[in-house]
Amino acid sequence: MNDDIDFYTIDSHKNWDEGAEIQRLLTQCDLDMEEGIHVFVVGRQGHRLVACAGLDGNIVKCVATVPDLRGESLALKLMSEVSHLALEQGHLHLFLFTHPKNVSFFGGCGFYELAEVPGYVSLMENTPIGIKSYSEQLHKLAQPGRKIGCIVMNANPFTFGHQYLVQLAAAQCDWLHVFAVREDVSMFSYRDRFALVQAGVAGIPRLTLHHGSEYMVSRATFPNYFFKEKGIVGECCSAIDLILFRKYIAPALGITHRFVGTEPFCTTTRKYNDDMKHWLQTADSESAPISVVEVPRAVSSNIAISASEVRRLLHSGDMAKMPSLVPRETLKFLSGNHYAT
Amino acid sequence: MKIIKEALAGTLESSDLLVKVMPLPEDRVEVVIQSEVMHQFGEQIRQVVSQTLQQLGLVSGQVVIEDKGALDCAIRARVQAAILRGGSIQELDWSKLS
């Protein structure tokens, strides 16, 4: 029995003396301390730390229990505590990454598998209807046609490059679905990015602009993408993001083609484009393949237009080249903001 | 009554259940039940849940239940707790909880 186990939460930024204990437990369970965890739920039996689970926003990380207490519902207690703690912090909908061999274990804790990179990693969510409801909502926005295109863009911020890609794709397709990445960790807020995309694609026929979701290029589906601004490009989990796209999002909207710009500068985005060809087109899947169309970047005075270049110029306070890189609305936004120094 | 915010009640432990409720944009009640004893008691669980929701007069919200073989009384109590935490109720009519 484990009635004598106390569960409590610790703020991982403040209680680092317990950090060493957590580290030992994780090592014992073949896990690494992951980045981004701001709070841990721990279980203690007397002096001994017997269980832990971390939260990074709505992503559960570093779930571990001591081997000798397994099979006594310790993990179920731990995961119940995690659910309640996460809700206190505003997250009812949780995700977790785990090795595929642990999927059935987390299944017992109310998590359901969304996508699996065989032998490597699985993404799970804590609701049986999350992705299903989302796909059904998307399906209502499906449009008829044989060639249905899609672009997913962070647009941080929206440039002539994005506009060129959208125009080119729209001209080739019966309908084009554009998604703005929703995750709010980029230089520009989602609200601003979305508004600029909206202004930039206005008037282009046969196009739907969608809000992004947690199921595409989010911290859950693609954790590393958002570290790139911080200069960390670790091992990419882009496969999960792409598998989700092919399995749920593309079928819901009948998407046959996905358009991307070639990437001259950003290594994370370049790797994402390469992975895209593999996971959407060639990899084995029950879902139909999606053709990846890589479009060469629009060029302005021999320099490929890219949002990262715009951010670089902005940081250095160089506004002179801006009008040749971004549409009027974006320019107005950048000039009218404290970003311009 | 409507669900106006996300709420949670219960645990994932054996003989208990975890009930999650969240708002829906329209007046519709959606109930999803997952249970380890679905084959034996699925119908019974569904009845207890829908009766509890009716008594509380729920007209809008999503209710997701992760059942670990709880008894009817536990199911009723957990569902009530989750709905009352997430619901738009101001004055509680205790007779509706019986």
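Helix axes are lines fitted to C-alpha atoms over the stretch in contact, and angles run from 0 to 180 degrees between N-to-C directions. In this predicted model, helix α6 (residues 190-201) of chain A packs against helix α10 (residues 328-335) of chain A at an angle of about 150 degrees. Their axes lie 8 Å apart. From α6(A), the contact draws on Asp192(A), Leu196(A) and Ala199(A). From α10(A), Glu329(A), Thr330(A) and Phe333(A) take part. Three residues of this contact are nonpolar, one is polar and two are charged.

The interface between the chains was examined next. The size of an interface is often given as the accessible area lost when the parts come together. Between chain B and chain A, about 1,500 Å² is buried. Carbon and sulfur atoms give 60% of that area. Chain B contributes 19 residues to the contact, and chain A contributes 18 residues. On the chain B side, the most area is lost by Leu8(B), Leu12(B) and Glu13(B). Together they account for 35% of what that side buries. One salt bridge is counted between the two chains. The side chains of Glu13(B) and Lys77(A) meet in a salt bridge, with N to O at 4.0 Å.

The whole structure holds one cavity of 30 Å³ or more. The largest cavity has a volume of about 60 Å³. From chain A, its lining includes Met79(A), Ser83(A), Cys109(A), Gly110(A), Phe111(A) and Asn126(A). From chain B come Leu12(B), Leu18(B), Lys20(B) and Glu66(B). Helix α2 (74-88) of chain A and strand β2 of chain B each supply at least two residues of this lining. By class, the lining has five nonpolar, three polar and two charged residues.

Two or more lining residues come from each of α4 (130-139) and β10 (207-211) of chain A and β2 (17-22) of chain B. Helix α4(A) gives the largest share, seven residues. The lining of this pocket comprises eleven nonpolar, 14 polar and ten charged residues.

Methods
Residues are numbered from 1 along each chain as its sequence is written. Chains are lettered from A and ligands numbered from 1 in the order in which they are written. This is a predicted model: local features need pLDDT of at least 70, side-chain atom pairs count only at pLDDT 80 or more; totals for chains, interfaces and linings use all residues. Side-chain values use heavy atoms; hydrogens and water are left out. Helices (H or I, at least four residues) and strands (E, at least two) are DSSP runs, numbered from the N terminus. Ala, Val, Leu, Ile, Met, Phe, Trp, Tyr, Cys and Pro count as nonpolar, Asp, Glu, Lys and Arg as charged, and the others, Gly among them, as polar. Contact means heavy atoms within 4.5 Å. Buried area is the accessible area (1.4 Å probe) that two parts lose on being put together, summed over both. On a 1 Å grid over the protein atoms alone, a cavity is a set of points where a 1.4 Å probe fits but cannot get out, and a pocket is an open set with protein on both sides within 12 Å along at least five of seven lines; lining residues have an atom within 4 Å of a point. Grid points are joined across faces, edges and corners, and a volume is the space filled by probe spheres set on the points.
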